[in-house]
Amino acid sequence: MSLTKIKEARELSDAAVAEQILAVKRQLMELRLQQATGRMEKPHLFKHAKHRLAQLMTVERERQIVAEKEAAEKSAAAQEAAGSALSPEVSQE
């Protein structure tokens, strides 16, 4: 089993990314439980799960940054439009 590629995570929707993050966190919990009880047969699965979780969280954060940037640009454009609409009134006073 090879490590997953981040391209696969980027192809998922926002909801699917959030769902996958929860699933991988549950998987890590189960792996820790298996390790603690001595039933761990495939310790390499820790590496795979942590790698996948990091990828998913990276994609989630990238999308969050893009959304914040778009919101800031939209807000700045709205303020600029409101400011330019007020400036003729201010100059008349």
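This report covers the salt bridges of a predicted model and the exposure of the residues that form them.

Local features need pLDDT of at least 70, side-chain atom pairs count only at pLDDT 80 or more, and totals for chains, interfaces and linings use all residues. Residues are numbered from 1 along each chain as its sequence is written, and side-chain values use heavy atoms, with hydrogens and water left out.

The structure holds three salt bridges. The term means a side-chain nitrogen of Lys or Arg within 4 Å of a carboxyl oxygen of Asp or Glu.

| Salt bridge | N to O distance |
|---|---|
| arginine 10 and glutamate 62 | 2.9 Å |
| arginine 63 and aspartate 14 | 2.8 Å |
| glutamate 68 and arginine 61 | 4.0 Å |

Take arginine 10 and glutamate 62, which meet in a salt bridge. This pair links distant parts of the chain, 52 residues apart. Arginine 10 sits in helix 1 (residues 6-10), glutamate 62 in helix 3 (residues 44-92). Helices here are DSSP runs (H or I, at least four residues), numbered from the N terminus.

Next come arginine 63 and aspartate 14, also joined by a salt bridge. Arginine 63 lies in helix 3 and aspartate 14 in helix 2 (residues 14-37), so the pair ties together parts 49 residues apart in sequence.

Aspartate 14 is exposed at 52%. Arginine 10 is partly exposed at 43%, and so is glutamate 62 at 31%. In the remaining pair, glutamate 68 is partly exposed at 46%. Arginine 61 is partly exposed at 40%.

Definitions and conventions: Helix = DSSP H or I, 4+ residues; strand = E, 2+ residues; numbered from the N terminus. Buried < 20%, exposed > 50% of the residue type's maximum accessible area, 1.4 Å probe, protein only.
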